[in-house]
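Here is a short note for a first look at this structure. Please keep the sequence and the model side by side as you read.

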Amino acid sequence: MSDRTKPDNNDEDFSFADAMQGVTRHCHDKADLKPARHKDINLDAKRAAATVEEEKVIDNLSSEAVDLVESSEELLFASPGVQLRVLRRLKQGHIPWEEGLDLHGYTVDNARDELSRFIRTARARNMRCVIVVHGKAYSQAGKQPLLKSYVNEWLRRMPGVLAFTSAQDRDGGTGALYVLLKKGNNR
């Protein structure tokens, strides 16, 4: 290049393009590769968290917030088609219960799992009526009965539960429920 065509670094008309004339791109096969994917070190933790999230709903029963009921509140539920006289007999304790589940001391998640297992087993054994003791939360002054509230919600959603009502005083009163089951284990 002659001195005239050679750019002067002090020249205002000097541009990057002028400086890069004659330069070719350097090719290196390692530089052109996509970066290797590194194993996500949190993958196991993410999988465990996803599993925990899925376990919050067992048999369509969630451990998320429910409407709270009072300790002394009587509970009553009947699915469509349950005759009034059958519901009255259940409420009066005239349908004998065959087996019971006591949920005192259980966490909400453990209570849900036990209740689900208990109802499925009772239905598989063709039981007509069972009792579920959920308690009244009197031991925790000023606290609402969480298990009672959850059991009230869960039993309404369980397949095969035809009706339930608070028990007679001799069987636990408002701290327990008589549960009328559909015979057989078909949904």
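Which residues of α5 are buried?

1. **Helix α5.** The model is a predicted one. In α5 the buried residues are L147, K148, S149, Y150, V151, N152, W154 and L155. The helix covers residues 146-157. Its length can be checked. At 1.5 Å a residue, the 12 residues of α5 should span 16 Å, and the end C-alpha atoms lie 17 Å apart, so the two values agree.

2. Are Y150 and W154 buried or exposed? Both are buried.

3. **The largest nonpolar core.** This core has 24 residues. L115, I119, L155 and V179 touch the most other members. Five named elements each give two or more residues to the core: α4 (108-124), β5 (129-133), α5 (146-157), β6 (161-166) and β7 (176-181). In soluble globular proteins, nonpolar side chains tend to be buried together.

4. **I119 close up.** What does I119 touch, once residues up to four places away in sequence are set aside? The list is V130, L155, M158, V161, V179 and L181. Two of these, L155 and V179, are themselves among the core residues that touch the most other members.

5. **A second core.** There is also a separate core of 11 residues. Its members include L87, L90, I95 and L180.

6. K136 lies in the loop between β5 and α5. It counts as partly exposed because its relative accessibility is 24%, between the 20% and 50% cut-offs. Leaving out neighbours within four places in sequence, K136 is in contact with S71, P145, G172, T174 and G175. G173 is also worth a look: K136 and G173 are 37 residues apart in sequence, yet their C-alpha atoms are 9.5 Å apart in space.

7. **A salt bridge across the chain.** The structure holds 7 salt bridges. In one, the side chains of E74 and K91 meet at 2.5 Å, N to O. This pair links distant parts of the chain. E74 is in the loop between β2 (61-62) and β3 (76-78), while K91 is in helix α3 (residues 84-91), 17 residues apart. K91 has 32% relative accessibility, so it counts as partly exposed.

8. R112 forms a salt bridge with D109, with the closest N and O atoms 3.3 Å apart. Both residues lie in helix α4, 3 residues apart, about one turn of the helix. R112 is buried, with a relative accessible area of 2%, whereas D109 counts as partly exposed at 35%. The pair belongs to a network of salt bridges that links D109, R112 and D113.

9. **A salt bridge between D171 and R170.** How far apart are the closest N and O atoms of D171 and R170? They are 3.9 Å apart, and the two residues form a salt bridge. R170 counts as exposed because its relative accessibility is 58%.

Conventions
Residues numbered from 1 in each chain as written. Predicted model: local features only at pLDDT ≥ 70, side-chain atom pairs only at ≥ 80, totals over all residues. Heavy atoms only, no water. Core = buried A, V, L, I, M, F, W, Y, C linked by side-chain atoms within 4.5 Å. Buried < 20%, exposed > 50% of the residue type's maximum accessible area, 1.4 Å probe, protein only. Helix = DSSP H or I, 4+ residues; strand = E, 2+ residues; numbered from the N terminus. Contact = heavy atoms within 4.5 Å. Expected span 1.5 Å × (residues − 1). Salt bridge = Lys/Arg side-chain N within 4 Å of Asp/Glu carboxyl O.
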